[in-house]
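Please read this briefing alongside the sequence and the structure shown below. The topics are grouped so that each can be followed on the model.

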Amino acid sequence: MSQTPDFEPNAFSDSMPDQESQSQHFDTIALRTGHQRTHEGEHGEPIFLTSSFVYHSAADAADHFSNKKKGNIYSRFTNPTVRMFEERLAALEGGERCVATSSGMGAILAIALAFLKAGDHVVCSRAVFGTTTALFDKYMRKFGVNVTFVDLTDLNQWQNAIESGTTRLFFCESPSNPLSEVADLTALANLAHQHDILLAVDNCFCTPALQQPLKFGVDLVIHSATKYLDGQGRALGGAVVGSAQLLEEVFGVIRTCGPSMSPFNAWIFVKGLETLRLRMEAHSKSALQLAEWLQAHPAVETVFYSGLKSHPGHLLAKQQQRAFGGIVSFIVKGERQAAWAVIDQTRFISITGNLGDAKSTITHPATTTHGKLPAEAKAAAGIVEGLLRVSVGLEDIEDIKADLARGLNQLV
Ligand SMILES: *Cc1c(COP(=O)(O)O)cnc(C)c1O
């Protein structure tokens, strides 16, 4: 980023972090990377709400369209505000390039369209976002792509699922939704690469503030920017981060198939990234306190939070993550009725399927986010009737506990 306003019309750089930002630290990147100040000398990042761009002359237009000159053509391809978000997130993830998408699902669809063809095979963790399961199981199958679902933490299952010559993609979330299972990312990446398979990891729960999957050999990082990257529940968006070579393929899909990010939403995410680390630390601190408190509550059977020493993924999470994130799930004694009672006794915690918001939210996965899964798949993913998921917000932790205690105390 230049300090002096030296704007050139149609100035354009690749969506790659510049040299300087590669040597900077996370917090500086989060606030500074990607903004190429215009001739107006604006301090805050501008929103370019424009669908298309103009040229000096017919020849200039021809040069842009033939790729002789780099520059914006149309906002389905590139837009300066979207590029700002892409450069900042790429730098935060330690990736060469980022491509922004209209939503998290748009990002997953984009990698599927970019890297899979009829006859190919995907191995996917059972413990992924419900809609991700549907994307592979329902829609990708329509195009002749087969999928095998395996247990996130059982490397043998991943290995055994590989079909030689056709398996092209491994897909998982770590930590998983909603049970906070932790994948050994280095081991998965090694296994994938032995067989020429790409490993994509949905980093939605940790964000780069807590985990940078590319450092463990992961090929593609997926984001639903809708969650923590925004952090205040305002806008839908997504992103894919990885090497310049792989991301060129993803960019081709976005440009041609259309799930591009809105410049307005990109601006929201750019501002969200500025406070990402502070927020993730605060979410993690409160979530750990809540998990410990729930574990001691007599109405609670099990707590799933990788920050707890009793969690099977605790040591791995400690190696891979800077903290344990803001999502705490737990099983209450008494099945659906008890779980719903806890939800209905809350006074301020939002009853919603969303997560990763500054406001705490509570969800009953079995009847909402995972409600469409067939019974078998639900059971395999550990989505039981007594399960609740709390996305721990930035309210005072004592108030959050009190809001949950009202319902929980009635169960004992
Ligand atoms: C929400 C979510 C998605 C989908 O993102 P959208 O922005 O809603 O399309 C994907 N993965 C995870 C882990 C999510 O929580």
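**Briefing**

Threonine 207 counts as buried because its relative accessibility is 1%, where buried means under 20% relative accessible area, exposed means over 50% and partly exposed lies in between, with a 1.4 Å probe and protein chains only. This is a predicted model, in which local features need pLDDT of at least 70 and side-chain atom pairs count only at pLDDT 80 or more, while totals for chains, interfaces and linings use all residues. Residues are numbered from 1 along each chain as its sequence is written, and side-chain values use heavy atoms, with hydrogens and water left out.

**Backbone geometry**

- Most residues other than glycine have a negative phi, and most peptide bonds are trans.
- Threonine 207, which is not a glycine, has a positive phi of about 65°, and this residue is found in helix 9 (residues 207-210); helices (H or I, at least four residues) and strands (E, at least two) are DSSP runs, numbered from the N terminus.
- Asparagine 67 also has a positive phi, near 75°, but it lies in the loop between helix 3 (58-65) and helix 4 (80-93) and is exposed, with a relative accessible area of 62%.
- The peptide bond from serine 174 to proline 175 is cis, with omega near -5°, and proline 175 belongs to the loop between strand 4 and helix 8 (185-194).
- A cis peptide bond also leads from asparagine 177 to proline 178, with omega near 0°, and proline 178 is placed in the loop between strand 4 and helix 8.

**Aromatic pairs**

- The whole structure holds seven aromatic pairs, a pair being rings of Phe, Tyr and Trp (its six-membered ring) with centres within 6.5 Å, called stacked if the planes are under 30 degrees apart, edge-to-face if over 60 and tilted for the rest.
- In one of them, the rings of tyrosine 74 and phenylalanine 77 have centres 5.8 Å apart and planes at 75°, so the pair is edge-to-face, and tyrosine 74 is partly exposed at 35% relative accessibility.
- The rings of tryptophan 158 and phenylalanine 170 have centres 5.0 Å apart and planes at 55°, so this pair is tilted.
- Because tryptophan 158 lies in helix 7 (residues 155-161) and phenylalanine 170 in strand 4 (residues 167-173), the pair ties together parts that are 12 residues apart in sequence, and both residues are buried.

**Two buried helix residues**

- Threonine 133, in helix 6 (residues 130-142), is buried at 12% relative accessibility.
- Valine 253, in helix 10 (residues 244-257), is buried with a relative accessible area of 8%.
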